[in-house]
Amino acid sequence: MRSRLEVLHALDRPEALITEASQQLGEDQQQVEAQFYLLLGLIEARRFQEAEEKARAFQKDLGLSSFFWLLKGYIALASDELKAAEASFLEGLKLDPQDADLLAYLGFVQGFLGDLRASQARFEALLRQDPLHTQGLSFMALVYGEVCHRPDLARQLLHRCLQINPQDATILSLLADFEALPWHKSRLLRQALAFNPFDRDARQSLKRLDSAYPRHAILAGVQLLLAILLHQLPLPTTYWMPVLLGSSCLQAVFLFRHNKHLPGFLLAGLLTFIFFPVQQIDLTRFFIAGGAGALLVLPCYGLHLLLSHFFTAKDKPS
Amino acid sequence: MNAFDLIPPLLRLLINHLLLLIWYLQLFLAFAGQLDWPVVPTLLLPLLLLVGVGFWMNWAFYYPRRKLLWVHLVGFFVGVLALAVHPAWVPVALLITLAAIAYPCHQCIRLQLPGHLQEADS
């Protein structure tokens with residue numbers, strides 16, 4: 001027979017859980033189960049200030065349970081007080097030195113506090129006891145990836161988590177953070193969103209990755225600097241100018257996929273600097289380059305149409 | 001591991017040790033001038049040694065900020081001392097700095113995965 005509090009917790013309704021637990025505590029102050037569920041409800045409702053006060057009040061009754069210290073440390077961690085969280089987890093480990101969750105959280109906190117030796121010892125103890133503890137593995141990955149700057153080790157740990165549970169959306173989006181290449185990142189974020197469509201962080205980072213404008217802006221900046229630099233060097237323009245012209249036209253072709261106005265501006269701006277050294281640029285030369293850009297943009301648009309005709313996935317017969 | 005993982009640590013190493021690198025290039029310029037050594041190979045020596053040893057210590061071990069501070073302090077003052085005695089002592093100062101970079105401090109743990117995970121991946 002499950003209690004009402006347990007059912008409310010399982011149904012993930014923190015507000016109802018808080019009112020029910022407060023009601024039961026009104027009847028009997030020392031009721032341990034209601035105290036635990038009140039803390040859990042406050043944590044789930046993300047009311048950490050209140051949860052901290054309650055935890056301090058309940059410490060007299062619950063202080064002999066290692067789970068209470070885990071909750072207290074978690075509340076401190078959520079309020080960004082790493083030292084207080086470490087103290088709570090250490091207190092809990094004194095009561096139960098084998099508690100896997102406490103070991104994982106302690107390793108995590110100590111790692112981010114810079115005590116890598118202790119952190120590594122905690123994680124090793126944890127994995128010796130429970131090699132399938134996914135949360136501990138992901139915490140270890142965070143410490144290795146963020147504190148020690150070793151994304152390769154973090155990826156190995158997260159791949160181990162995915163061997164245990166291939167459908168874990170949190171692990172997939174974490175793995176995306178530690179991948180180096182943007183297309184690997186977006187593939188993993190898409191997988192994570194397939195398993196959990198409500199992950200706002202993953203959706204936002206996917207949107208940022210998918211927007212091509214930053215990449216195009218960087219590319220245009222590099223071409224601009226290259227053009228200015230090559231004009232300053234004593235090189236014949238016949239060699240490098242066609243190359244730079246071709247590359248900026250190619251960029252315009254690919255920019256047409258996202259916007260139909262920007263390629264024109266891009267070409268007009270870049271051609272000014274490709275055709276003339278910076279010292280000679282004035283309004284007349286800018287208009288000359290703009291005219292050349294207006295001529296060049298037409299074949300670019302044609303090439304864009306051709307490419308989009310051949311490289312668009314045609315799943316459905318129309 | 002892929003090659004792209006090596007680029008951020010290399011850049012971080014160069015930025016973190018920029019002052020030390022410039023300082024030792026200057027010292028070795030004085031050394032080369034004093035002993036009439038060829039300049040470019042003499043300057044390559046501290047560059048390669050500092051970047052090589054520093055990269056290995058940054059990659060395979062944890063390299064805390066406090067150690068970075070101590071490495072800079074030791075490198076600077078040992079260099080000043082060597083220059084004050086005689087520029088011929090500059091390589092000794094470089095060796096002492098390399099020893100400070102390679103020194104295994106309390107937090108400088110070897111970054112590796114527990115045994116069973118390494119076997120699973122290789």
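Across all chains, a search of the whole structure finds one disulfide, defined as a pair of cysteine sulfur atoms within 2.5 Å. This is a predicted model, in which local features need pLDDT of at least 70, side-chain atom pairs count only at pLDDT 80 or more, and totals for chains, interfaces and linings use all residues. Side-chain values use heavy atoms, with hydrogens and water left out.

Select B:Cys105 and B:Cys108 to display the disulfide, with an S to S distance of 2.0 Å. The link is right-handed, with 80° about the S-S bond. B:Cys105 has 18% relative accessibility and B:Cys108 has 6%; each therefore counts as buried (under 20% relative accessible area, with exposed over 50% and partly exposed in between, for a 1.4 Å probe and protein chains only).

Next, select A:Cys249 and A:Cys300. A:Cys249 is buried at 14% relative accessibility, and A:Cys300 is buried at 4%.

Move on to A:Phe89, A:Tyr144 and A:Leu157, which touch the most other members of the 51-residue largest nonpolar core. Such a core is a set of buried Ala, Val, Leu, Ile, Met, Phe, Trp, Tyr and Cys residues joined through side-chain atoms within 4.5 Å. Centre the view on A:Phe89: beyond its neighbours within four places in sequence, its contacts (heavy atoms within 4.5 Å) include A:Trp69, A:Leu102 and A:Val109. Finally, select A:Phe48, A:Ala51, A:Phe58 and A:Trp69, which are among the 23 residues of a second, separate core.

Key
Residues numbered from 1 in each chain as written. Chains lettered and ligands numbered in written order.
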